[in-house]
Amino acid sequence: MYKLIAVAALVVSAIGGAADFAAAAGAPSPHGAYAYIGYPNDGQVVPANKPFRVWFGLRYMGVAPKGVKYPNTGHHHLLIDTDLPPLDQEIPSDRNHLHFGAGETETTIQLPPGKHTLQLLMGDDMHVPHSPPVYSKKITVIAR
Amino acid sequence: MRRTNVPAVPNPSSIAMMRLCATRAVSRAVLAVAIAGAALPLAAFAESTASPPGAEEYIIWPPDGAVIHGGKLWVRMGLRNMGVCPKGIVFPNTGHHHLLIDTDLPALDQEIPSDRNHLHFGAGETDARIELPPGKHTLQLILGDHNHVPHTPPVYSKKITITVQKD
C-alpha cells in the first residue's frame, strides 16, 4: 500500500515537473496580470472593410518592445479568427497573429463582412507567452 | 503595477535615477563653470529624444468632465503612432507615460519631476490606478524618454478635468 502511494507520488511529481519545464519557456508574469481588449466591445458591430481601432489593455504589468528584457513586461499580440497558439512556443507571426513589437498599445485593423474573433496574448522579449500566460478574453465582433 | 495609490514615495530605482541625474547635473555645472564667460550656459538643458511625426498621447478614460464616485479610478493611457518602453532603455519611437495630477506641464527640456503630482510609469504601464480626494482635479499625460525627458517635439495629452464625489 505504501509502495503504491510512493509510486503515485512519484508519477504526480514527474508530471508536475514536466509541466513546470514546459511552462518555464516564457518569462514569468506578475501575480494578477491580465490583458483585455478596451475596444471594441464583445458582440459589437464594426464597419466591414473599413479600418477600426482596437485598444490593448493591460493591468498589473507593463509594455516593452520585443527584444527588451525588463521584469514584468511584454508586448501585445492580437489574435484574429484563431485560438490561442501553443503557450510554450514563440507566437506565430502571420495575418491571424499580429505582433506589436514596437510597444504599440493600439492598432487599426479591417475585416471582411461576417463574424470575427479577437483576442490579445502577451509575449515576452522572445515572443513566447509568459508563465503563467497573460491573455484576454476572446471577443466576437460582427463586421457589417 | 507598483503604484496602487497616489504615491508620495518614488520607488528605489527612481531615487537611484534621481541621484544619478543629480550627479550628472553637478558634473555639468562644474563643466559650465569651467567654460563660463567663454560659452553659453547650456548645462541646464538635458539631451532629448526625437518623437515620430503623428505621435499623439491621450487619456482614453476617464472622459473630460467625468464625475468619479469614491475617488478610486483607473486611468487608461493612450498612445498613437508610437510605442511604450520602460525607463532606461533606448528604443526608437518609444517612451513611457507620466500622469500629471493638478499641475501644469513641467519644463519640456528637463527631466520630468517625480512626486505626487507627477507620477512616473517607468515599468511600461498603460493603466494607472490612482486615488484622489473629493473635488475638482486635472489630469494630463506627458511622455518621457528613457531619461524621463520629454521628446522633441513633446508628446502630451489634452488636460482634462474630473470631479471626485464622496461615495
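I began with a bridge: Lys72(B) has Glu131(B) of strand E7(B) as its bridge partner. I took strands, like helices, from DSSP runs numbered from the N terminus (helices are H or I with at least four residues, strands are E with at least two). A note on the source: this is a predicted model, in which local features need pLDDT of at least 70 and side-chain atom pairs count only at pLDDT 80 or more, while totals for chains, interfaces and linings use all residues. Residues are numbered from 1 along each chain as its sequence is written, and chains are lettered from A and ligands numbered from 1 in the order in which they are written.

E3(B) and E7(B) run antiparallel and are joined by five bridges; two strands count as paired if DSSP finds at least two bridges between them. I then found both in an open sheet of three strands, ordered E1-E3-E7 in chain B, with antiparallel pairing. Its edge strands are E1 (56–61) and E7 (127–131) of chain B, each pairing on one side only. From one strand to the next the twist averages 30 degrees, with axes as lines fitted to C-alpha atoms (for helices over the stretch in contact) and angles running from 0 to 180 degrees between N-to-C directions.

Then I turned to the chain contacts. I noted 19 residues of chain B in contact with 19 residues of chain A, where contact means C-beta atoms, placed from the backbone, within 7 Å. On the chain B side, strands E3 (72–80) and E4 (83–84) each supply at least two residues. E3(B) gives the largest share, four residues.

I also checked the records. UniProt, in an unreviewed entry, annotates "domain: DUF4399" over residues 75–165 of chain B; such annotations may be inferred rather than shown by experiment, feature names are shortened, and positions are in the numbering used here. That span is 0% helix and 44% strand, with its end C-alpha atoms 17 Å apart.

Last, I looked at Val128(A), in the loop between strands E8 (114–123) and E9 (139–143) of chain A. Is Val128(A) buried or exposed? Val128(A) counts as buried because it has 20 C-beta neighbours inside 10 Å; the cut-offs are 20 or more other C-beta atoms within 10 Å for buried, 12 or fewer for exposed, and partly exposed in between, with C-beta atoms placed from the backbone. Beyond neighbours within four places in sequence, I listed contacts of Val128(A) including Ala25(A), Gln89(A) and Gly123(A).

Key: Two residues are in contact if their C-beta atoms, placed from the backbone, lie within 7 Å.
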